[in-house]
Amino acid sequence: MQHPSKQTTALIVRQARSFGATLAGVTTAAALRQAPSYRVRPDMPRPPETGSILVLALIHDPAQPELDWWGVKGGTPGNLRLINIANRLVEWLGRELDIAARSLPYYVEKGGVFLKDAAVLAGLGHIGANNLVVTPQYGPCVRFRALFLDAGLAPTATRWSNPCADCHRPCLRACPQGSFQEGSYHRSSCMQQIDKNKADAQKNTPPLVKHCRACELSCPLGLPG
Ligand code: B12
């Protein structure tokens with residue numbers, strides 16, 4: 001089914017926001033299939049060749065750290081909110097626009113998509129020096145979820161330039177494991193911190209995992225703590 005008008009895309013984005021998404025945007029499944037993360041990880045399942053991806057972003061205000069704590073229904077309370085918004089959209093898209101949609105799992109290996117690539121292609125932000133999607137409105141303090149829509153929609157576009165261009169990049173020095181010592185993100189150093197966060201969680205009841213956000217919260221575009 002084709003819905004190539006920008007008005008249909010704008011209507012869907014507005015509805016996503018009225019259901020509680022902070023930001024929303026659309027890219028084509030075909031564009032996402034070609035995105036850099038799929039080139040780095042050819043072993044991962046790719047989105048279909050046709051259809052669209054609706055990306056939802058939810059603000060994760062540093063003043064509400066519990067939104068990002070792992071170990072509850074939905075993974076985190078923030079992700080549970082995103083799941084609920086996505087479920088309401090699936091029902092609304094079918095009823096109002098006759099568009100079949102499904103909410104995609106969080107993990108790529110379980111049929112999800114690389115969410116940062118999807119968010120950048122949908123025009124929500126840029127990949128920052130901290131390897132996170134930095135949005136103009138909330139810096140990197142957002143989390144994403146995506147839906148697959150069985151319809152050819154007009155994509156949303158980026159209207160702004162890379163925010164890290166003129167930044168002194170405190171994110172590169174904020175990591176407790178020095179994951180950016182060589183100027184770009186080093187996954188295995190970051191994983192050491194993630195493992196430490198998981199071990200720390202076992203000392204508490206309930207064992208909620210409070211992942212490090214140093215590279216995120218040091219961004220000058222993020223919200224004040
Ligand atoms: C696995 C995973 C992890 C792993 C590995 C991370 C990694 N980057 O390798 C670990 C556990 C270490 C981790 C850590 C964190 N994660 Co994580 N993670 C994921 C997950 C599930 C998949 C990411 C992945 O494997 N990417 C693939 C690897 C190969 O690529 P990459 O390092 O991300 O780099 C690619 C992009 O930068 C892209 N890219 C670069 N330039 C460009 C330009 C364009 C135009 C495009 C389209 C793409 C693009 O290409 C690169 C590959 O070549 C996603 C959820 C999802 N389904 O996507 C969340 C996700 C990326 N994580 C997220 C977060 C917040 C974090 C942490 C801050 C911890 C936390 N508090 O949750 C840290 C931050 C680490 C960092 N600075 O990157 C958020 C990011 C939100 C944002 N604003 O960007 C996501 C999207 C989850 C969510 N809930 O929204 N994570």
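Author: What follows is a set of questions and answers about a predicted model, in which computed values are set against the terms used for them.

Reader: What makes β2 and β4 the edges of the open sheet?

Author: The open sheet has four strands in the order β2-β3-β7-β4, and their pairing is antiparallel. Because β2 (23-28) and β4 (101-103) each have a single partner strand, one side of each is left without a neighbour in the sheet. On average, and with direction ignored, neighbouring strands of this sheet are turned by 25° against each other.

Reader: How do you know that β2 and β3 count as paired?

Author: The definition asks for at least two bridges between two strands, and six bridges join β2 to β3 (residues 52-59), so the pair meets that condition. The two strands run antiparallel, and within them A24 stands opposite L56 in β3.

Reader: Which helices pack on this sheet, and what strands do they touch?

Author: Helix α1 (residues 6-18) packs on the sheet and touches β2, β3 and β7 (142-149), with its direction making about 140° with that of β2. Helix α4 (residues 77-97) also packs on the sheet, where α4 touches β3, β4 and β7, and its direction makes about 25° with that of β7.

Reader: Why are α1 and α4 called oblique to each other?

Author: The two helices pack at an angle of about 140°, with their axes 10 Å apart. Roughly antiparallel would need an angle over 145 degrees, roughly perpendicular covers 65 to 115, and roughly parallel is kept for angles under 35, so what remains is counted as oblique; α1 and α4 are therefore oblique to each other. Their crossing is right-handed.

Reader: What kinds of residues make up the contact of α1 with α4?

Author: T8, L11, I12, Q15 and A16 in α1 meet I85, L89, W92, L93 and L97 in α4. By class, this contact has eight nonpolar, two polar and no charged residues.

Reader: What makes D98 worth a remark?

Author: D98 has a positive phi of about 55° although it is not a glycine, and D98 lies in the loop between α4 and β4.

Reader: Where is there a cis peptide bond, and what is its omega?

Author: The cis bond joins T205 and P206, with omega at about -5°. P206 has its place in the loop between α7 (187-201) and α8 (214-217).

Reader: How is the chain divided into domains, and how many residues does each give to the contact?

Author: The domain assignment gives domain 1 (2-153) and domain 2 (171-217). Their C-alpha centres lie 24 Å apart, and the contact takes 17 residues from domain 1 and 14 residues from domain 2.

Key: Residues numbered from 1 in each chain as written. Predicted model: local features only at pLDDT ≥ 70, side-chain atom pairs only at ≥ 80, totals over all residues. Heavy atoms only, no water. Axes fitted to C-alpha atoms, helices over the stretch in contact; angles between N-to-C directions. Contact = heavy atoms within 4.5 Å. Left-handed = near helix turned anticlockwise from the far one by under 90°. Nonpolar A, V, L, I, M, F, W, Y, C, P; charged D, E, K, R; others polar. Domains from an automatic or database assignment.
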